[in-house]
Every structure is written in structure tokens, then in C-alpha cells.
Amino acid sequence: MDLHEVEESLNFWHFPHTGAWHLGTVGNFPIDLNPKTLIVTWLTMILVAAFAIVATRNMSMKRPNSAQTAFEMVYNFVGGIVKEQITDPIKAAAFLSIPVTFFIFILFSNILGLIPTLTSPTADLNTTVGLALTTFLLFEFMGIYYKRGKHFKHYLEPFVFFLPINIIEDLSKPITLSFRLYGNIYAGEVLLLVILGLMPPVLNFCGGFVIPVVWLAYSIFVGCIQAFVFTILSTVYVSQKISDTH
Amino acid sequence: MLEFNATLIAQMFNFVILLIFLRFVAYKPIAKLLKDRQDFIANNVATAEEERKQAQELREQYLADMQKAREEAQAIIAQAAKVGEIQAQEIIAAAKEESNRVKDNALKEIEREKEKAVRELRDQVTVLSVAVAGKIIGQTITPEIQHDMVQQFIREAGDLPC
């Protein structure tokens with residue numbers, strides 16, 4: 001079967017995934033939105049918000065329920081990473097909510113795409129570049145906020161002619177972040193479609209479903225790893241910008 | 001989906017909305033809760049340490065008290081043993097005295113009985129000797145002579161130490 005046919009046959013919710021929403025133009029720039037990406041993003045946001053509300057409702061210090069425990073685990077896990085990278089506890093506490101949100105949002109996005117008929121928001125390059133740009137703006141902003149003029153001075157170090165190299169280094173960070181995440185998740189979904197398309201339907205009656213299930217299980221692992229990688233790299237980039245030695 | 005469009009801006013906007021939402025709905029209470037729990041545990045640990053120290057002090061005090069009580073008991077036992085010995089000595093001394101007194105009384109009684117017996121014996125001897133003398137001498141002596149002899153004999157016999 002053709003890849004697009006498989007994708008079309010799995011489009012249970014009739015996402016208009018080929019077209020785009022046109023919201024007019026600003027100047028010469030058209031405002032186009034990918035409807036499928038936005039719908040699954042909103043779904044992810046609703047799920048994350050629901051998880052957060054369930055986890056923080058009726059919180060108990062001595063006897064936390066399971067949702068609260070899970071949320072605390074995520075919070076403490078990312079908090080541990082942040083505290084390892086940013087030694088100043090005040091700066092770490094001010095920054096902590098951003099990597100935690102990165103982690104939860106990307107994790108939910110990656111896992112959501114594994115549900116049949118849905119897709120990951122992170123399988124769209126717009127999402128990952130948006131998140132990576134957020135990281136980029138974040139570490140530039142935090143660098144300026146904490147280091148003032150010294151933040152720009154480090155582009156000229158150790159010598160003035162290192163300026164283009166330093167600028168390329170900083171620009172490469174959001175690019176690698178976004179393409180790594182996008183590539184892993186999109187490749188996972190494409191490969192799932194390829195596996196489904198390659199298998200003749202008769203194989204489904206003699207255990208052929210095992211192969212995509214194995215790939216789904218592996219994709220869960222990849223999704224967790226990519227969420228972790230994105231979070232820890234963002235933290236490292238920010239800590240590089242706000243540490244005193246840089 | 002490789003072409004960029006306004007979705008990029010929308011996703012950044014979505015992320016910021018989610019961030020703000022979570023910041024106020026979840027992270028603030030979670031951070032406060034974790035802080036509370038940390039304080040609670042630190043408090044508990046400090047209290048436990050304090051109580052352990054107090055228990056140690058109490059234990060040492062009890063041990064010291066017990067040692068003191070044991071020593072006092074030893075002293076009381078020794079004192080009682082000493083008092084008992086003294087009493088035993090006194091009792092033995094009293095018993096000895098009593099026995100001596102009984103013995104003296106008995107000796108005195110014996111003496112008295114002996115004197116009484118001697119007196120009686122002397123009277124008997126007088127009568128017997130008169131009878132014997134009468135039998136031996138018979139009628140050859142007048143009553144007057146006889147009486148004188150007897151008187152003399154008695155005198156002599158009275159001088160005898162019996």
C-alpha cells in the first residue's frame with residue numbers, strides 16, 4: 001500500500017491534514033496553521049492540564065495519592081537535573097518550572113502520537129522549532145538578565161575573531177534540539193506506517209500485529225528518552241549562559 | 001510537514017500558555033508541599049535526635065540510681081549481719097550467766113543437804129554408840145559413870161570434823 005493511503009485509512013478523526021487553516025495575512029505574510037498539529041497540541045495541553053489538576057487536587061503531605069506521587073516524581077526528577085546544572089538554588093528555583101513543563105509537555109506529546117489514529121505534536125517541525133526557539137530566547141534572556149553586559153562579552157571570547165564561531169554555536173543549539181526531537185518522533189510515526197503498509201492484511205490473522213506493537217513499545221522508550229534529552233539539553237544551555245565561569 | 005508557517009508561533013504561544021497554567025495550578029502548590037514535607041522530615045529527624053539524647057540521659061541516670069540502690073542494699077545487709085552477730089553474742093553470754101547461776105544454786109543446795117545429813121548422822125551415832133557401849137560394858141558401870149563417859153564421848157565426837 002502507498003504510505004499516504006495507509007495514513008488516509010488511519011485518519012479516523014478526518015483531520016484535514018493536507019490543507020492548512022488560512023487566517024488571513026499580516027502584511028505580505030500569510031497566517032497559515034496546520035490543523036492536525038494544533039488539534040493534537042490542544043489535546044496534549046488538555047491532558048497535561050487534567051493531569052496537573054488531578055495531581056494537585058486534595059494534595060496530602062503524608063499520604064499522597066498515585067497521581068500526586070507521579071507528578072512529584074516528575075517534578076523531583078527534573079528538579080534534580082536542574083539542581084545538578086544550576087548550583088545557585090535561587091536561580092534554579094526560578095528556572096525550574098520551564099524544564100518541568102518542557103518534560104511533561106514533550107513526554108505527553110510523544111506518547112500521544114503512539115495512540116492509533118492520533119499524531120504527535122512533536123512530529124511537526126513547527127512545534128519542535130517553536131519549543132527550541134523558546135529555549136533559545138530563554139537562555140539569551142536569562143543570560144542578559146543575570147549577566148547584563150558580560151553576556152554579550154562572552155561572544156568575543158577568547159578572541160574577537162571567535163565571534164562568528166560563537167554565534168554559530170548558539171544558533172546551532174535550537175536547530176539541533178528541534179531536529180533531533182522532530183526526526184525521532186516523525187521517523188517513529190513514519191516507520192509505523194511503513195510497517196503497517198508493508199504487511200499484507202492476511203498477516204493480521206496470524207499474529208502479524210506483534211511487529212507494530214513491538215515498534216510502538218520501542219517508540220514509548222524513544223519518546224521518554226527524547227523528552228528527557230530535550231529537557232536536560234535546554235537546562236545545560238541555560239546553565240552555561242548564567243554560570244559565572246562562562 | 002517540513003514547511004514552516006504560523007503554526008510555529010502558535011506552538012510557542014501554546015507552550016507559554018501551558019507554562020503559565022502549570023506554574024500557577026501545579027508547580028506552586030507542589031513546591032510548597034515539597035518544602036513542607038522537607039521541613040516536616042527535618043523536624044522529625046531533629047526531634048528524634050533530641051529524644052534519643054534524652055533517653056540516653058535517662059538511661060544513664062537510671063543505671064546510676066540502680067547502682068546506688070544496690071550499694072545501699074549491700075550496706076543494709078552488712079549492717080543487719082553485724083547486728084545479728086552482736087545479738088547472738090549477747091544471747092550466748094546471757095545463757096552462760098544463767099547456767100552459772102543455776103549451777104551455783106545447785107551447789108549451795110548440795111551443801112545444805114550435806115550439813116543436814118551430817119547433823120542427822122551425828123544424832124544417830126550418839127544413840128548407836130550409847131547402845132553399843134551399853135551392850136559391851138553391861139552392868140559394870142554405874143549409871144553415873146556411864147553418863148559421864150557418854151557426855152565426854154559426845155564432846156569428843158562434837159569436836160571431830162565430820
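Let me start with one residue. Asn58(A) sits in the loop that links helix 2 and helix 3 of chain A. Its phi angle is near 55 degrees, which is a positive value in a residue other than glycine.

Before going on, a word on confidence. What you see is a predicted model. It scores ipTM 0.85 and pTM 0.72. Chain A averages a pLDDT of 85, and 96% of its residues score at least 70. Chain B averages 89, with 94% of its residues scoring at least 70. Within chain A, the element with the lowest mean pLDDT is helix 1, residues 3–9, at 71. The highest is helix 5, residues 97–112, at 93.

Now chain B. Chain B has two helices and zero strands. Look at its overall dimensions: the C-alpha atoms fill a box of roughly 195 × 25 × 20 Å along the principal axes. The radius of gyration of chain B is 63 Å, whereas a compact globule of 162 residues would have one near 15 Å. Buried residues make up 7% of the 162 residues in this chain.

Next, where the chains meet.

Helix 3 of chain A and helix 1 of chain B, residues 7–137, have axes that come within 11 Å and cross at roughly 85 degrees. The two helices are therefore roughly perpendicular to each other, since angles of 65 to 115 degrees count as such. From helix 3 of chain A come Phe71(A), Glu72(A) and Tyr75(A), and they meet Ala26(B), Ile30(B) and Leu34(B) of helix 1 of chain B. That contact has five nonpolar, no polar and one charged residues.

For another helix pair, stay inside chain A. Helix 8 (residues 163–198) and helix 9 (residues 210–242) of chain A pack at an angle of about 175 degrees, with axes 10 Å apart. So helix 8 of chain A is roughly antiparallel to helix 9 of chain A. Residues in the contact include Leu181(A) and Leu192(A) from helix 8 of chain A, and Trp215(A) and Phe230(A) from helix 9 of chain A. By class, this contact has 15 nonpolar, five polar and two charged residues.

I will end on another loop residue. Is Ile115(A) buried or exposed? Ile115(A) is exposed, because 12 other C-beta atoms lie within 10 Å, and exposed means 12 or fewer. Ile115(A) is found in the loop between helix 5 and helix 6 of chain A. Ile115(A) and Leu216(A) are 101 residues apart in sequence, yet their C-alpha atoms are 9.0 Å apart in space.

How values were computed: Residues are numbered from 1 along each chain as its sequence is written. Chains are lettered from A and ligands numbered from 1 in the order in which they are written. This is a predicted model: local features need pLDDT of at least 70, side-chain atom pairs count only at pLDDT 80 or more; totals for chains, interfaces and linings use all residues. pLDDT is the predictor's confidence in each residue, from 0 to 100. Helices (H or I, at least four residues) and strands (E, at least two) are DSSP runs, numbered from the N terminus. The radius of gyration is taken over C-alpha atoms; the globule rule is 2.2 Å times the number of residues to the power 0.38. A residue is buried if 20 or more other C-beta atoms lie within 10 Å of its own, exposed if 12 or fewer, and partly exposed in between; C-beta atoms are placed from the backbone. Axes are lines fitted to C-alpha atoms, for helices over the stretch in contact, and angles run from 0 to 180 degrees between N-to-C directions. Angles under 35 degrees count as roughly parallel, over 145 as roughly antiparallel, 65 to 115 as roughly perpendicular and the rest as oblique. Two residues are in contact if their C-beta atoms, placed from the backbone, lie within 7 Å. Ala, Val, Leu, Ile, Met, Phe, Trp, Tyr, Cys and Pro count as nonpolar, Asp, Glu, Lys and Arg as charged, and the others, Gly among them, as polar.
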